[in-house]
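Please read this briefing alongside the model, taking the ligand shell before the individual elements.

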Amino acid sequence: MKTQVAIIGAGPSGLLLSQLLHRRGIDSVVLERKTKDYVLGRIRAGVLERGLVALMEEAGCADRMHAEGHVHDGTMVSFGDTMFRVDFAGLTGTPVIVYGQTELTRDLYAAREKAGGKIEYQVEDVTIHGADTDAPAVSYTVDGAARRIECDFVAGCDGFHGVSRKTIPETVRREYEKVYPFGWLGVLSETPPVHHELIYANSPRGFALCSMRNENLSRYYIQCPLTDAPGDWSDDDFWAELKRRIPADMADKLVTGPSIEKSIAPLRSFVTEPMRWGRLFLCGDAAHIVPPTGAKGLNTAASDIHYLYNGLRAFYEDGSAQGIDSYSEKALKRIWKAERFSWWFSSLLHRYPEQTAFDLKMQIAELEFLRDNSAAQQAMAENYVGLPY
Ligand code: APR
Ligand code: PHB
């Protein structure tokens, strides 16, 4: 088989790239290790920056997002019984859209299917060949049969556990990592959200987040030890602990119900450099991970796709290699800023096992500064709604 761009991974990064390229007449094949249902079964954050919204529009996949997504003009931050609002729209002129990653991925699948896009599921043994030559190829097996795709470029959109990153030789690759000493226990429940905007809570008992998917679907999280398992937490225990971590008036209003999903996610910051090796480009979780505080995972993937898509377009439409040559540098510049924001916001809101009394005072001083200082709020808001591409 021959194509212009071989894309490994049918998560949001791979699907968005494939759909954007299709709209410009650039051919791609997407290879996915799992099934579509498996990919759509993953529950991830759902806060979209303006840049991602614009990409979904350019991809022709924005109708349902605009109809069913919720525009959020700000967010709440609480510590103890104090709660304040950061006004994104007032400070930056830009809101965010709350729309689940699962729904966005579903829209991208629908668009690829409608356009007759090529996606191979349940592929195994994906191997990238000749990424440092002008004629790369990808081999794989499906149903026990060996296949090979000759291509111009390979986009490694295969997440943190994929093969693409590891294809870059260790002599070239540098990895930077911070592992946080706690996780997030998340619960999805068919209950109305406690508040119309998100609440990020710092409490003496640890972090909590009140988020949502729609009017009758809430997503809540509490910080928990990494040694906990979801089965250790009954629904009642979860609701009781969440109520202890949010302001009393919110706890009183909280509507509880049975959980329809319960899981624990570890928190990690990770970046690999460079994001390009020859004709192989890493995008999204294949190249970097952020802790979920601030919901930058999907949004950082989107900025990579923006740079790569425009680089490939310039290559095929204008014969210019400038965009693809500068891909790694441009993508990483923005990634490190999003890493900084996610690390800062995580540091502001969680309890760390090794935190000293002095560290706790610093956290409270920083929260009070954010509450009282409009320049601090502006900096937070600009990062939250998304720095420009
Ligand atoms: N071969 C083929 N496909 C693979 C392989 C492989 N060897 N390894 C992984 N994959 C697939 C996974 O099954 C997954 O569907 O690649 C896809 C990667 O998707 P994601 O992990 O969702 O990564 P990405 O598309 O970059 O999306 C980034 O999703 O993971 C969240 O927090 C992240 O919100 C962010 C966004
Ligand atoms: C979510 O709704 O799952 C969510 C929202 C905001 C975050 C993280 C997760 O910062």
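Sorted by class, the shell around ligand 1 holds nine nonpolar, eight polar and seven charged residues, where Ala, Val, Leu, Ile, Met, Phe, Trp, Tyr, Cys and Pro count as nonpolar, Asp, Glu, Lys and Arg as charged, and the others, Gly among them, as polar. This is a predicted model, in which local features need pLDDT of at least 70 and side-chain atom pairs count only at pLDDT 80 or more, while totals for chains, interfaces and linings use all residues. Residues are numbered from 1 along each chain as its sequence is written, chains are lettered from A and ligands numbered from 1 in the order in which they are written, and side-chain values use heavy atoms, with hydrogens and water left out.

**The shell**

- The shell consists of 24 residues, of which the closest are Ser13, Glu32, Arg44, Gln101 and Asp285; a residue is near a molecule if one of its heavy atoms lies within 4 Å of it.
- Helix H1 (12-23) and helix H10 (297-318) each supply at least two shell residues, and H10 gives the most, with three; helices here are DSSP runs (H or I, at least four residues) and strands are E runs of at least two, numbered from the N terminus.

- Oxygen atoms of ligand 1 lie 2.7 Å from an N or O atom in the side chain of serine 13 and 2.6 Å from a polar side-chain atom of aspartate 285.
- Of the 700 Å² of accessible area that ligand 1 has on its own, the protein covers 92%, as computed by the Shrake-Rupley method with a 1.4 Å probe.
- A nitrogen atom of ligand 1 is 3.1 Å from a backbone N or O atom of arginine 33.

**Helix H1**

- H1 is largely enclosed by the rest of the structure, because 10 of its 12 residues are buried (under 20% relative accessible area, with exposed meaning over 50% and partly exposed in between, using a 1.4 Å probe and protein chains only).
- Among the buried residues of H1 are Pro12, Ser13 and Gly14.
- Just after H1, glycine 25 adopts a positive phi of about 75 degrees.

**Arginine 147**

- Arginine 147 belongs to strand S11 (residues 145-150) and is partly exposed, with a relative accessible area of 36%.
- Beyond its neighbours within four places in sequence, arginine 147 is in contact (heavy atoms within 4.5 Å) with Glu120, Val138, Ser139, Tyr140 and Val142.
- The side chains of arginine 147 and glutamate 120 are joined by a polar contact of 3.2 Å, that is, a pair of N or O atoms within 3.5 Å, where within protein one must be able to donate a hydrogen and the other to accept it, and residues adjacent in sequence count only if both atoms are side-chain atoms.
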